[in-house]
Amino acid sequence: MSAPPAPTRAARDALAWTHSARFLTTASRLDQLPPTELPEIAFVGRSNAGKSTAINTLAQQRRLAFASKTPGRTQHINLFALGPKDAPDALFADLPGYGYAAVERAAKLRWQQVMADYLDLRRSLSGVVLLVDARLGLTDLDRRLLAFIAPRVRTGQVKLLVLLTKADKLSRREADAALRAATEALGEIASEHADIGVALFSALARSGVDDVATTLHGWTRVAQPQP
Ligand code: GDP
């Protein structure tokens, strides 16, 4: 097997940036999140979609996103800061996974509201990364989530990247089919201003990592106010 191609300069810069991710704060309610001018990228997905693994892979840290899995914190929004230590330039928001059957109904409903409010109202939200198990494709819950953010995606205010995770488990042919199906489903929220991407991702095979880092880095550069 040949060695993977060396990352481009843009990818190297982007990876250095994602590697700088560090825990900032955690909140169970929207009004507990610090107001910020920094562009924020939210990671969302069904539980078990591979969200924590993807964040940890991007950050090159083994346990960064596993804070969100400790009992008592599973329904929290966890924020990570990126960029220079003394001058962070962006935030990642790790939102709780949804669709976990064992969560009691009242807690589920309360949480859905926090999630809906976050996606609707968080002013600094500039991008959403939706993680979807490539073998399952977009489920009803994922489509519901997309419907929440569709208005802000259509105006271009919030960018969207759908990552088809665990791509190492798919043959080339299955991967192509998964890409096609997701692209087709996203056609519903496309518009002239929308910035929507779909990509295969594997933390295990480390495929798609450079491209995702480059995309997210690019989002936050565009979102920065000009001096
Ligand atoms: P989360 O609930 O969305 O945070 O999901 P996790 O990151 O905990 O991953 C759920 C399961 O999928 C775990 O058993 C992971 O080891 C596995 N997983 C995550 N990413 C990959 C991947 O790229 N390839 C494979 N084969 N398994 C993965």
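1. Buried means under 20% relative accessible area, exposed means over 50%, and partly exposed lies in between (1.4 Å probe, protein chains only). At 65% relative accessibility, arginine 123 counts as exposed. Glutamate 37, at 68%, is exposed too.

2. A word on the model. It is predicted, so local features need pLDDT of at least 70 and side-chain atom pairs count only at pLDDT 80 or more, while totals for chains, interfaces and linings use all residues. Residues are numbered from 1 along each chain as its sequence is written, and side-chain values use heavy atoms, with hydrogens and water left out.

3. Arginine 123 and glutamate 37 form a salt bridge, 3.2 Å from N to O. The term means a side-chain nitrogen of Lys or Arg within 4 Å of a carboxyl oxygen of Asp or Glu. Arginine 123 lies in the loop between H3 and S5, and glutamate 37 in the loop between strand S1 (22-27) and S2, so the pair ties together parts 86 residues apart in sequence. Helices (H or I, at least four residues) and strands (E, at least two) are DSSP runs, numbered from the N terminus.

4. The structure holds ten salt bridges. One of them joins aspartate 133 and lysine 166 at 3.4 Å, N to O. Aspartate 133 is in strand S5 and lysine 166 is in the loop between S6 and H5, 33 residues apart. Shared partners join Asp133, Arg135 and Lys166 into one network. Aspartate 133 counts as buried, at 8% relative accessibility.

5. Another salt bridge pairs aspartate 13 with arginine 9, with the closest N and O atoms 3.5 Å apart. The two are four residues apart in helix H1 (residues 9-19), so about one helical turn separates them. Arginine 9 is exposed at 57%, whereas aspartate 13 is partly exposed at 35%.

6. Now helix H4 (residues 140-154), where arginine 154 is found. H4 bends by about 45 degrees at phenylalanine 148, and proline 151 follows within four residues. The bend is the angle between axes fitted to the seven residues ending at a position and the seven starting there. Buried residues of H4 include Leu145, Leu146 and Ile149. Just after H4, glycine 156 takes a positive phi of about 85 degrees.

7. Arginine 154 is partly exposed, at 35% relative accessibility. Its contacts (heavy atoms within 4.5 Å) include Glu188, Ile189 and His193, not counting residues up to four places away in sequence. The arginine 154 side chain reaches the backbone oxygen of glutamate 188 at 3.2 Å.

Terms used:
A polar contact is a pair of N or O atoms within 3.5 Å; within protein, one must be able to donate a hydrogen and the other to accept it, and residues adjacent in sequence count only if both atoms are side-chain atoms.
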